[in-house]
Amino acid sequence: MSLVGARVLRKEDPRLLTGRATFVDDLLPANCTFAQFIVSEHAHADIRHIDISQALQIPGVLGVWTALDFRDYPDLPGGLPDLERPPLATGRVRWAGEPIAVVVAEDRYIAADAVAAVKIDYNVLPAVSTIRAALAPDAQLLFPQHGSNCLVTVPMLDDLDRAMEACDERAQLRVVNQRCAVVPIETMACLADWNIDGLTMWATFQAPHHLRNKVSAWLNIPQNQCRIITPNVGGGFGAKIVFAPEFFIMPLLSKWVGRPVKFSQSRTEAMLQMTHGRDQEHDLEVGFDRNGRIKALRMVVTQNLGAYADPTGLGLPVLTNWMAGGCYKIAKVQTAFRCVVTNTTPVAAYRGAGRPEATYAVERLVDLVARRTGIDPVEVRRRNFIEPQDFPYETHNKAVIYDSGNFPALMDECVRLLDYETERKRQEAFRNDSSKPLIGIGFSTWIEIAGFGPNGSLEGFGHLASWESTQIRIHPDGSATIFIGSAPHGQGTETIVSQIASDELGISFDRINIVYGDTGTVIQGIGTLGSRSTPMVGSATKVASQRLLERAKKIAGHLLEASEDDLVVADDSFSVRGTPGKKVGWADVALASFQPLRLPPELQAGTLEERLFHESPNFSYPSGAYGCVVEIDRRSGKVRVAKMVLIDDCGTVINPLLAEGQVHGGVAQGIAQALFEEMQYDPSTGQPITSNLIDYLIPSAPDLPNYIAGRVNTPCPNNPLGAKGIGESGAIGSPPAVVNAIVDALSHFGVEHIDMPVLPEKVWKVLSTATKGST
Amino acid sequence: MTTRVNISINARRYEYEVEDRTLLVHFIREQARLTGTHIGCDSSNCGACTVLLDGQAVKSCTLLAVQADGQNVSTVEGLTGSFNGLSPIQEGFRQEHGLQCGYCTPGMLMACTALLAENAQPSESEIRHALEGNICRCTGYEMIVRSVQWAAAKQVQQ
């Protein structure tokens, strides 16, 4: 029986359910010390003086270090030339929370005392916390040497005016994709132990080899003396592929104090120092005809980078521009973007990274076209879809060639499971009944770019390459260990890879284990990001298993005196087709593989090991149709998601239970962005005002609905599994479905758009204005 | 200022001289070295540090170790049962995919354990409200609700 496609329970769970998993902060080696950062209390200031003398007097404090101590080391990798981020603020601080100095002490309480004892004298500068303020003519510059707070501008190649003028109608829309905090429940932590044999660092990270390459280069030590281990990691969502200064500073502190040094962020520190996501403003225009057919689309993105240009932050508007056309056949799409620095926490990848923003823009526009033409939004979508026979479909950007999909089928299934007609009737019936909530129905039909990626796609973000590695090792008893270059942190990749390998190798699921997250044992790797693990490492494992099995069959055939072509493998043994009873166990074949006297002459001992770096010719393009029904309380303006239908196309599904889990989690983050979450700053001072989980609202169980999930499968043609990836889908598809539903509910008040997060107050203002107007 | 505190954790006594300001969660993790209990925030919002104190679910990041002196604490390491050693609620999370990264899970399990001890057959709404103080960033909660329902159904069968 095939395990691929089956609801297999996770290998990862027993250790996580019993408290026996090891996360970074659980480690406490002998003689361990604790680090803590002194961070800027101002959003923008020059540092006049740092007084560490009182901190050094505290018993148990081992030292305090500032930027001066790191002057022999370069800036952090990956920024823009001359605008890089230093490991500690040097001369100037650019956001409230930027690390200025670091203490090491015997325990974390003493470290906290020392932090409080460091005195810093600032010359406070005006702070710019919004895009508008940063671009004002007289704005205070973050990098005076650059001459502007706008660091990058990628202009439009063709301004589209002629195409727009030829359209029956045009509509403009300005949307804000607000700044979100990523908030993995495990904050950032690292433990560095640099001793005579080299550096070992345990780190909360999604790409251990990537970090190893950069840290060893920064420290100027050989890679074989720089071992990075990412043990169990408590969620990442993009924020754990960022070169945070802690990962570069901790090794040196360990070297300097001659002991292991551990650092673990508090939540408040994480809210200020862990990179944020989204934070784009879009100026959009769409041209269309009276039948709702979209002819032209213009997207201009302004990306708030925060205080420094993170490499993935710079990539966000690129991906947004790439995916501007969504799942629609639009003759002319033109895009542009610019990146702006502000006195706020740097912005980088957050689940979806640029694609949620693109999807939100185009899905809001499609609904606007429906509104202006009076045609049902489902029908407008159907009239504009790229059809199944159009694939592969070359978009406005040559880098983006959609692989496969079936949008009409996704839409049909979504409408069916939502019970669309009934909901429309309910909406109508409730609209003029003040005892009932206002009903709104919204859709989002979306496509995203995943499976990163084809050669060249990750190199731009500073990665070594874009393949993913697998290495399969058969032990003498016929059990298997698979070393993978991915670094999962909740995705269930151990289970997924074991399912694939078990099917191919005929070795039981329970006799396969997966090793990852350790540069000392895994050959090389890229990491877990961009919905790539199943398409990339899953495909690598499938092909490597097949290659290894060919040699195993040679050995089995030799032992059985049968032709290898007649062998079938299942249930941990090889048998001869048509000759029941003639079989040899995997254990014996594995044993023979290490015993030259029992091997066929063309094979050598140790032959049952296979490694493969899987390259992909294209990205993969997961897609879906999400439908949402909201109920709005007329008195408070509170929005409740009453129904959420999720139809996904992720190609081949390896494990439906895990695929559904990924979608649920992504949708929860998407609903959270639509309704609850926003990282806010006081515009006059640049002080963060949502810097803990009291002020920043992460939804809990009562705030979110149950989900109705369905599926359409069009296999990905670009990898041997047919899998497209599903990690980011939910976060990409859901925000516009929710907001479209809210705008639909309020449409009879003349509302055409409402920005996220749609807090009760915003809706209440619409409702109270409308009520006043009618009386 | 230090105080000698004696706390029973999972029916084993731990006696240490600790600073008065030592948080219970640090006593559990760093003195008793039971690292299954996690820390996810500093404002008692996330619930990753939830343990049972004399049977009540509490957030161990907002209690001092001295406040738990002489009392009984239960942590995830103390959960046991007939499902290959797992309790019904632990097995429910496994069966219904109630966890992904697993970081919030020990706190969730303890909050769920307290819920089922108080209310053996909670409704969906009661489950969701009982878990209001525990944040999960991975699952979207529906599968956690199903996990609790699985455990509640098993407890009835047994």
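How far apart do the C-alpha centres of domain 2 of chain A and domain 3 of chain A lie? They lie 41 Å apart.

1. **Ground rules.** This is a predicted model, in which local features need pLDDT of at least 70, side-chain atom pairs count only at pLDDT 80 or more, and totals for chains, interfaces and linings use all residues. Residues are numbered from 1 along each chain as its sequence is written, chains are lettered from A and ligands numbered from 1 in the order in which they are written, and side-chain values use heavy atoms, with hydrogens and water left out.

2. **Domains of chain A.** The assignment gives domain 1 (13-125 + 183-273), domain 2 (351-451 + 618-770) and domain 3 (467-614). Such bounds come from an automatic or database domain assignment.

3. **Domain 2 against domain 3 in chain A.** Here 18 residues of domain 2 of chain A are in contact with 18 residues of domain 3 of chain A. Contact means heavy atoms within 4.5 Å. The area buried between domain 2 of chain A and domain 3 of chain A is about 1,200 Å². Carbon and sulfur atoms give 67% of that area. Buried area is the accessible area (1.4 Å probe) that two parts lose on being put together, summed over both. On the domain 2 side of chain A, Ile654(A), Pro720(A) and Leu721(A) lose the most area to domain 3 of chain A. Together these three account for 40% of what that side buries.

4. **Polar links at that boundary.** Between domain 2 of chain A and domain 3 of chain A, the count is zero salt bridges. A salt bridge is a side-chain nitrogen of Lys or Arg within 4 Å of a carboxyl oxygen of Asp or Glu. Between domain 2 of chain A and domain 3 of chain A there are seven residue pairs in polar contact (both at pLDDT 80 or more). A polar contact is a pair of N or O atoms within 3.5 Å; within protein, one must be able to donate a hydrogen and the other to accept it, and residues adjacent in sequence count only if both atoms are side-chain atoms. By class, the side of domain 2 of chain A that touches domain 3 of chain A has seven nonpolar, seven polar and four charged residues. Ala, Val, Leu, Ile, Met, Phe, Trp, Tyr, Cys and Pro count as nonpolar, Asp, Glu, Lys and Arg as charged, and the others, Gly among them, as polar.

5. **Chain B on its own.** Chain B has five helices and five strands. Along the sequence, the pattern of chain B is β-β-α-β-β-β-α-α-α-α. Helices (H or I, at least four residues) and strands (E, at least two) are DSSP runs, numbered from the N terminus. The C-alpha atoms of chain B fill a box of roughly 50 × 30 × 25 Å, taken along the principal axes.

6. **Chain B against chain A.** In this interface, 52 residues of chain B are in contact with 55 residues of chain A. Chain B and chain A bury about 4,600 Å² between them, with 54% of it on carbon and sulfur atoms. The rule finds seven salt bridges across the interface of chain B and chain A. Asp25(A) and Arg29(B) meet through their side chains in a salt bridge (3.6 Å, N to O). Across the interface of chain B and chain A there are also 30 residue pairs in polar contact (both at pLDDT 80 or more). H2(B) gives the most to the side of chain B that touches chain A, with four residues. By class, that side of chain B has 19 nonpolar, 18 polar and 15 charged residues.

7. **Inside chain B.** The assignment gives domain 1 (2-78) and domain 2 (88-157) of chain B. Their centres, taken over C-alpha atoms, are separated by 22 Å. The contact takes 16 residues from domain 1 of chain B and 13 residues from domain 2 of chain B. These two domains of chain B bury about 1,100 Å² between them, 62% of it on carbon and sulfur atoms. In domain 1 of chain B, His38(B), Thr50(B) and Val76(B) lose the most area to domain 2 of chain B, together 39% of what that side buries. The count between domain 1 of chain B and domain 2 of chain B is zero salt bridges.

8. **A link within chain A.** The count over all chains comes to 55 salt bridges. The side chains of Arg298(A) and Asp161(A) meet in a salt bridge (3.4 Å, N to O). Arg298(A) lies in strand E14 (residues 294-306) of chain A and Asp161(A) in helix H5 (residues 161-165) of chain A, so the pair ties together parts that are 137 residues apart in sequence.
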